[in-house]
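Me: I would like to learn how to read helix packing, sheet order and aromatic pairs from a set of coordinates. Could we work through one case?

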Amino acid sequence: MAHRIAAKPLKPVLILLRKAFGGPALLLATAVVPLASRAGQSDVDFNRDIRPIFSENCYACHGPDQNKRKGGLRFDRKDEAFAELKSGNFAIVPKDLTRSKLIERITTKDEDERMPPLKTGKHLTAEQIDLLRRWISQGAQWKGHWAYLKPERSPLPPIKNKRWVRNTIDAFILARLEKQGLSPSREADKVTLIRRLSFDLTGLPPTLTEVEAFLADRSPSAYEALVDRLLASSAYGERMAEFWLDLARYADTNGYHIDNHRDMWKWREWVINAFNHNLPFDEFTIEQLAGDLLPNATLDQKVASGFNRNCMVNFEGGADPDEYSTKYVVDRVDTTANVWLGSTLGCAECHDHKYDPFTQKEFYQFYAFFNNIPEKGLDGSKVNPVPSIKVPSSADQARRDELTRAIADLDSKVTARLEEKNPTLEAGQAEWEQTLTRAVRNDWLVAEPADLASANGATLQKLDDQSVLASGKVPDTDVYTVSLKAAGEIAALRLEALTHDSLTAKSAARSDNGNFVLSGVEVEAERAPTAQPEADPEPAVFSPWRMLGPFVAQDNSSSFNRRFIEEPKVELDKSYADDTLRWTEKADWKDGEIIKLTGDLAATYLFRTVTVAAPRPMTLLLGSDDGIQVWLNGQKVLSSEVSRSVAADQERLVVQLKKGENKLLLKVNNTGGEYAFYFKALKEIPTKYVVPFASAVADYSQKDFNISAALDNNPKTGWAVDGYIETNRVDRQAIFIARQPFGFASGTILHVKLKFESDFKQHIIGRFRLALSTAASLTELGEVPANIQAVLFEAPEKRTAKRKAEVTKYYRSRFVPEILELDKQVAARREALQKLDDAIPQSMVMEEMATPRDTFLLIRGSFQNKGEKVTPDVPKWLPPLQSNGPTNRLALARWLVSADHPLTSRVTVNRLWQMLFGTGLVKTSNDFGSQGEWPSHPELLDWLACEFRDGSTESRAAAWDLKHMLKLMVMSATYRQSAVVTPRLLERDPYNRLLARGPRFRMDAEMVRDNALAVSGLLNRKIGGESVRPYQPPGLWEAVAFGGEFSSQTYVQSHGDDLYRRGLYVYWKRSLPYPSLNTFDAPNREICTAQRPRTTTPLQALVLMNDPAFLEAARGLAQRVIKEGGSRTDQRLIYAFRLTLAREPQKDELKVLQRIYNQQLENFRSDKNAAAELLKIGESPRPEGLDLSELAAWTAIGNILLNLDETITKG
Amino acid sequence: MIPFRDEQAKIMNRRTFLARSTTGLGAVALGSLLNQKLFAATAKPSLHGSLKALDFAPKAKRVIYLFMSGAPSHIDLFDPKARLKELTNTELPTSIRMGQRITGMTSGQKQLLCVGSPFEFHKFGKCGMELSELLPNTGKIVDNIALIRSMFTEPINHDPAVTFFATGNQQPGRPTMGAWCSYGLGSENQNLPAFIVLLSGAGGQPLQTRYWGSGFLPGNHQGVQFRGSGDPVLYVSNPGGIDGKIRRQLLDGVQQLNKIQLGAMGDPEIATRIESYEMAYRMQTSVPELMDISKESKETLELYGAEPGKPSFANNCLLARRLAERNVRFIQLVHRDWDHHSNLPEEIKKQAKLTDQASAALITDLKQRGLLDDTLVIWGGEFGRTTYSQGEITKTSFGRDHHPRCFSIWMSGGGIKGGLTLGKTDDFGYNVVEDQVHVHDFHATMLHCLGIEHTHLTYRFEGRDYRLTDVAGKVVDKLLA
């Protein structure tokens, strides 16, 4: 794709008509410019003349790919090409044509014998055969491939026209021109030069002031001063970033299937800054490939390492993660090889390279450098695929530091309070812990199981130790029911899952793998039948209700959830809401009637005591408008967040009352309108009810299968114990703690249901035992937060310091209110920090895995087909990797910019050359291999490479100085030539490879946009920042997007200043790039692009004529012209012309514009609506008080000027 | 500022010379860089693309590709499996699955239960081709189509599979079929792009513009999307306040100034720019005229089920015919929403209803206008669907997952044998058992119909000669008329 495609100079206009679409993309005439030596010239150069013939015609069968090699012969290595063949013959014998079998085989008339074989479709020309003959006759001199040899500075070539030469570049260019009998063009005029330089070095046009200043500066250093000014401007970094972003395949979306958003613009900002600071290219390289691995890597260096995270990331449903993680690494190899080595290493992904000496193994050795990133195969669904870091601005960082410090301060205050010597608290805590721990461990009564049943046909059998063993049928799911007899008040139930020899791998489970999932536990308490009917209990004594409220709430949710008092603590003496609310007694409220409350969006607390002579369960019937919550003795026993009208018996609830006084607290909230509640307690003692559990604790829970999940009534979740791991096949226990101690005075029968109803087949406990505890302390344990419960369950001697602190904090906070206060402050700051963090942009970075991933050669490139294991290394035909440290990306990056490396400096200077001159000295700027093109000026390329790699004492430039190299190039006489094309030059050198004239070609897409914005005065010069979304026809994204909850599926246009930012900042969506840039050949950035094609199509004309962005720019230009361009039409026309093109118009040009201006003025005067319509386009404000017809006519002139070939051409 | 003004006359003379001499320097230079074999071939030249000669006499001059994105179920549309109905709710035998890769969407399923098609299949036409009751209209044109029941592909997910069908490679970066045809054969219409794309269908799998992109070929070969609403081609309409007359006046200004510049600089790129503006201007009239189907006869609109002003697949089919009449080289319709992982019976009915009539109408219409002989029409998606159900099978509902190992597409028109059913799959519709056709073979066959030996249409990129069929592909002779 090296060549410029659409407009081929030698084609007649009539044929050009057809080419704009679908025309032939053809290279014309390298025949005209003999880059290679041709028959008739004396010296044959192996690299220039012979290797390309071998590569194109022979390497497929006699080249690097050992699997395809025929006859054991190869022409890519001297020793083997010259070696004796099996037949005893030699393919090549220097200076001996008759003994060189090669000549015989390529010239024989026998089609079966002739090389290359007919079926390959290859064919040697007479000229190529002649070259091979002459090469052998001249001694068959062999050289390594030129690009793999370290570049050296050659002596300057002899030249005649010494006066023309401004620097070394010119000497090499001129030498070639003189050899071809051509002479350079004259220097371009100053206006042309400042425009050319401004675009090349900043991507923007010069302002008129800049043009005038340059024209006025007649000093000999004027040109150099201009170059220095442009290189120092911040627009330089943006222009260079455009060049780099294609190589880096930068985009704002993840690409592939759903193509949603990613945050990478911080990396783009890094690139702009790096160019602006003229970061030496070696550091530029190292930071982007391995910034994360530098010692004490800065945030910037980590961001820089995102270069190789710019690859696409997929997350298509059903795709294989391994398949894609492989693709990401392959992309890194392709990109890195292309960008720094100018090489097609990627061709060796599936087999040895066909043309260059890379083996497939070497591909995977290179791959191994990039295979240690802790990334995921299918990770494109969120912002950002991991690893990704937050990149705070300095202000954000300061605020972050402040909050972090504050949190640490508060935390240390808490710690101080926790570590404070306080013998009373310490002793209290010790006793409290001891009581609980004892209860957990010791206070159990194993219950005898009765009425064993399996819902799905398993056989349950009681063993001597009162455990129950399942056998027989193993159903997919099961529910066990067991009855137990109990006396007294029961606080908790213990379930032991016990191993047994008859179970899978001596586990406690019936599944194949030894694991179980307890999906639910349900316990019903039933009054044990007694000989005599139980006497009626003494009636309960209810205190009158007391009411506190209404508290005004902000919204429905807060009316229910907000704690207006310190729930569940009731302090009857306290006043609330600035002393406006107090507890008041409601002696007239009757149970069993609907009682109205007052308040609209509000919450009201109701309190009473219930006194009983003996512990007993009691049935409560409740109703409420709207939500209701109930606490008994500080335990929450009901929570119902609903919106409804009140009725009797909306909630039925059994509570367990303790002997003596019980405290009952209700909270009723109203979400608007009517407000009421209903309460009734049944006299009769219920004979059977479901026991509510407060919590559950286990001695072991599998991740995501916590014991608490067994209480939630959801068959999808449950308690599991990692039983598929052998060491986990041990006895386990779980404790289920009732909200209140429960039980009937006359004895209780417990009906226990153990449910195994998860999606995991046969994950059923095989042997279990149940026990009961009456320890009141267990009830207390039920109120303790789960993390503290778990601590108490563990053996104290195994408790970590952190866990100890947690327990102490929990215990002490009940007695030291300051701890809670400090905790609140910490929570508020943590929330602020979280908010801040959420707003900080992310950037994807490289990171090494702690344990490196093994890398294997993938046979035929298939991720499912692993071959031999390989370790990181560089291809053998390049200098060896030298590293004192580990063989990692950092070593690789340093190797790329080492002094011995033959490619990095050549490839990079060639790209800079391509940027300025349109074509590189090596035209195939992404292929410096055997199939690449021989350089048009090999010595110049090498000289530039050395200058770049080593720096120069003469010009006091350091090594790897990009600005120095660009300056060198633009200071040359070669660069400064006029770009006028004469018929002679067109014929001799249509593509300007010899550079007998200056560069002239259509600007890149971004430059086309930026130029229009700049000359219209609309351009926003902000540097860096997030991507922007300019005007785009509606529905484009939506027509292709997946939609749903994913990001970047619908186009939300920017407004204000963001509409006028440089093309560089336009949102780059890979599946549908911004059309106006795409139309001018901007790539979709799915993969590394080293050379953009440069086409000319009618779609480009449509964009320039009709895209609102360009019409608005035309209006902006018109406004400027009216404001700044003088009062006469001709003055204004000249001004408009100069704003757009920097130069003065010629008379005939002015005449054309004059005529059209008059014509348009007339048009828009006679049709004022049309003028108004045209001027409506674009969101930028229109100055008041302008004549609309006149402005429209000038807008039309602006439209013409922005459409000119010259306007979008750098010449 | 115009130092070489006096050279202008000479330049113009030279250009006049070139205009007359189509066999002049340009052609010589072109030839030296083209594939040598093509240059030496004897088939008639006269092309506008990179190919200087065709390898075969072309049967088709253009392609209309009705691409069914999301992958329609072959089992419910094209490939009757009577036995499968009896096997519904039984596990897919391992002897049939043979350990082949399945997607992450069903790999976690406990069972892979077969599910037969709930739809009846009938014999249609003289040839007796069996098709589902969902395709009654396609049934009427079976004698003009070749149904391939033995297609297979490699990728198992949408994006790589569509990319593979479009470019012959699963990873993004290569040119698509249409771009290759544009590059190789060029355009025969001065007012329209050689490769045009029309989209329809709401929801379903996302699309990427690279599905009709030019990859590493120059951007002028990429498919240009023509849209049923808004500007039919982006920015083809003049803005408010600028009518056709003013546009011409402004364009004249641009062209006059460009010509002055051409004279001054002598750069032939400027001449190309000038021509591109003329073509843009012609597009401004030709495109809206082309997209306006309201003047089609009532019979024609009814035949397709097209309704002017209401974008649909039917409208696009009618537009495809209009584009074919205008000699557009490659016309690609993309219809979305065939990805029926669940509720297949209902969903596939909907899509069949949206596409069957218009697809058949296109063939009928092309035929009655004498265009079918040199137009190759293709209908199909990126892969097939599984014989086993994704998710639960109920009386009325089930789903099918992605299945690359076999599926059906049909071809019709230029160079293709009508009334042919090619290939067989096993009783489960899971594996091809006869006449398998790989995507590369399909591409090779398509190019063959256009007169191109697929190994000859190449482009050198990064040191390698790439082609649509990668390093494989065999022409399927049985399909050829």
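Reply: The turns below take a helix contact, then a sheet, then ring pairs, all in a predicted model.

Me: At what angle do helix H25 and helix H26 of chain A pack, and how far apart are their axes?

Reply: Packing is read from two numbers, an angle and an axis distance. Helix H25 (residues 904–917) and helix H26 (residues 938–950) of chain A pack at about 110°, and their axes are 8 Å apart. Because angles of 65 to 115 degrees count as roughly perpendicular, H25(A) is roughly perpendicular to H26(A).

Me: Which residues make the contact?

Reply: From H25(A) they are A:Ser905, A:Arg906, A:Thr908, A:Val909, A:Asn910 and A:Trp913. H26(A) contributes A:Leu940, A:Leu941, A:Asp942, A:Leu944, A:Ala945, A:Phe948 and A:Arg949. By class, the residues of this contact are seven nonpolar, three polar and three charged.

Me: In what order do the strands of the open sheet of five strands run?

Reply: A sheet is read across, from neighbour to neighbour. Here the order is S3-S6-S25-S8-S22 in chain A, and the pairing is antiparallel. Strand S3 (450–454) and strand S22 (688–690) of chain A are the edge strands, each pairing on one side only. On average, neighbouring strands of this sheet are turned by 15° against each other, with direction ignored.

Me: How many bridges join S3(A) to strand S6 of chain A?

Reply: Three bridges join S3(A) to S6(A), residues 478–486, and the two strands run antiparallel. A:Ser454 stands opposite A:Tyr480 in S6(A).

Me: Now the rings. Is the pair of A:Tyr364 and A:Tyr367 stacked, edge-to-face or tilted?

Reply: Centre distance and plane angle are read together. Rings pair if their centres lie within 6.5 Å, and the count comes to 72 aromatic pairs over all chains. A:Tyr364 and A:Tyr367 form a tilted pair, at 5.1 Å centre to centre and 55° between the planes. Both lie in helix H16 (residues 360–369) of chain A, three residues apart, about one turn of the helix. A:Tyr364 is buried at a relative accessible area of 0%, and A:Tyr367 counts as buried at 5%.

Me: What of A:Trp913 and A:Phe917?

Reply: A:Trp913 and A:Phe917 are stacked, at 4.2 Å centre to centre with 20° between the planes. They sit four residues apart in helix H25 of chain A, so about one helical turn separates them. A:Trp913 and A:Phe917 are buried.

Me: Where else do ring pairs link residues into a cluster?

Reply: Ring pairs link a cluster that includes A:Phe243, A:Trp244, A:Tyr250, A:Phe948 and A:Trp960. A:Phe948 also belongs to the H26(A) side of the helix contact.

Conventions:
Residues are numbered from 1 along each chain as its sequence is written. Chains are lettered from A and ligands numbered from 1 in the order in which they are written. This is a predicted model: local features need pLDDT of at least 70, side-chain atom pairs count only at pLDDT 80 or more; totals for chains, interfaces and linings use all residues. Side-chain values use heavy atoms; hydrogens and water are left out. Axes are lines fitted to C-alpha atoms, for helices over the stretch in contact, and angles run from 0 to 180 degrees between N-to-C directions. Angles under 35 degrees count as roughly parallel, over 145 as roughly antiparallel, 65 to 115 as roughly perpendicular and the rest as oblique. Contact means heavy atoms within 4.5 Å. Ala, Val, Leu, Ile, Met, Phe, Trp, Tyr, Cys and Pro count as nonpolar, Asp, Glu, Lys and Arg as charged, and the others, Gly among them, as polar. Two strands pair if DSSP finds at least two bridges between them. Rings of Phe, Tyr and Trp (its six-membered ring) pair if their centres lie within 6.5 Å; planes under 30 degrees apart count as stacked, over 60 as edge-to-face and the rest as tilted. Buried means under 20% relative accessible area, exposed over 50%, partly exposed in between (1.4 Å probe, protein chains only).
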